[in-house]
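Reader: I'd like to go through the labels on this model and see what backs each one. Can we take them one by one?
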Amino acid sequence: MAATSPDAGVRLLDGIEASRDRTTPAEYAAALPGYRRCAPSELPTGFTVGWRYRAPVVDIPVYLKYLQRRFKAAGGTISIGYARRLAAAAPVVVNCTGLGAAKFVPDPAVTPIRGQLAVVANPGLTEFFAEHTDDLREVTYLLPQGPVLLLGGSAEHGRADVAEDAAVAARIRARCALIDPRIADLPFLGHRIGIRSARPGAGGA
Ligand SMILES: Cc1cc2nc3c(=O)[nH]c(=O)nc-3n(C[C@H](O)[C@H](O)[C@H](O)COP(=O)(O)OP(=O)(O)OC[C@H]3O[C@@H](n4cnc5c(N)ncnc54)[C@H](O)[C@@H]3O)c2cc1C
């Protein structure tokens with residue numbers, strides 16, 4: 001898609017994924033294009049192992065608009081509303097209500113994991129950095145999206161409010177500034193907050 005659909009918001013970026021506690025790269029890493037293990041000198045302070053590869057990085061707001069255009073071009077229609085129950089007359093219903101499934105199904109096993117990112121002007125990064133963890137918790141990542149840089153991120157289990165949390169943003173900035181000191185002085189251009197849905201056996205990404 002990066003090559004064939006320039007309006008999809010997908011681009012291929014090289015970058016580093018690194019762990020603070022592993023001693024060897026993640027098992028999947030060797031299969032990734034452009035894979036190689038990082039030399040210790042390539043890793044930021046506090047990271048024990050890292051590996052480089054090339055991956056598609058997606059600008060999600062752009063990508064979702066692209067998908068909408070394709071869906072409509074294929075004859076689909078979109079109507080927006082709040083569904084209170086499954087329509088008995090519909091032959092097929094795909095329920096993709098995310099966290100809303102907790103009430104809609106209802107399925108009390110579905111719980112929120114709040115995520116917050118910060119947006120700053122991109123000071124010139126052309127590669128990504130992503131912290132690897134084996135569970136979903138506060139991590140450090142820097143994703144260049146053209147003129148802006150996304151800084152991450154949080155994973156607050158059980159929390160579902162979407163107001164900007166200044167303390168979370170400050171921790172994100174502090175962690176990312178250890179990777180690239182220029183970030184310490186860049187004003188926030190915005191914050192992106194989303195609520196992942198999780199349930200036992202199927203955690204949020
Ligand atoms: C900060 C953050 C970073 C993330 N980063 C990544 C990443 O790098 N890679 C990755 O793969 N994933 C990532 N994720 C996870 C990814 O965003 C989710 O997996 C994805 O959004 C799930 O999509 P979905 O359509 O299933 O559910 P959702 O995006 O949760 O959408 C559900 C929709 O259903 C609607 N809805 C709910 N109830 C009803 C109802 N009764 N009637 C009508 N509509 C209803 C809601 O309003 C919502 O629009 C991230 C999430 C967060 C929060």
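Reader: What makes R137 buried, exposed or partly exposed?

Author: R137 has a relative accessible area of 35%. Buried means under 20%, exposed over 50%, and partly exposed in between, with a 1.4 Å probe and protein chains only, so R137 is partly exposed. A word on the ground rules: this is a predicted model, where local features need pLDDT of at least 70, side-chain atom pairs count only at pLDDT 80 or more, and totals for chains, interfaces and linings use all residues. Residues are numbered from 1 along each chain as its sequence is written, and side-chain values use heavy atoms, with hydrogens and water left out.

Reader: Why is the contact between R137 and D21 called a salt bridge?

Author: The term asks for a side-chain nitrogen of Lys or Arg within 4 Å of a carboxyl oxygen of Asp or Glu. The closest N and O atoms of R137 and D21 are 3.5 Å apart, so the pair qualifies. R137 sits in the loop between β5 (128-132) and β6 (141-145), D21 in the loop between β1 and β2 (36-37), so parts 116 residues apart in sequence are tied together. Strands here are DSSP E runs of at least two residues, helices H or I runs of at least four, numbered from the N terminus.

Reader: How do you know that R54 and D14 form a salt bridge?

Author: Their closest N and O atoms are 2.9 Å apart, so they meet the cut-off too. This pair links distant parts of the chain, with R54 in strand β3 (residues 49-58) and D14 in strand β1 (residues 10-19), 40 residues apart. The structure holds 18 salt bridges.

Reader: What makes R36 and E42 partly exposed?

Author: R36 comes in at 39% relative accessibility and E42 at 26%, so both fall in the in-between range. Their side chains meet in a salt bridge as well, 3.0 Å from N to O. Elsewhere, salt bridges that share partners join R114, E156, R159, D161 and D165 into one network.

Reader: What makes the largest nonpolar core a core, and which residues touch the most other members?

Author: Such a core is a set of buried Ala, Val, Leu, Ile, Met, Phe, Trp, Tyr and Cys residues joined through side-chain atoms within 4.5 Å. The largest one has 17 residues, and L142, L149, L151 and I183 touch the most other members. Helix α3 (166-179) is among the elements giving two or more residues, and its three are the largest share.
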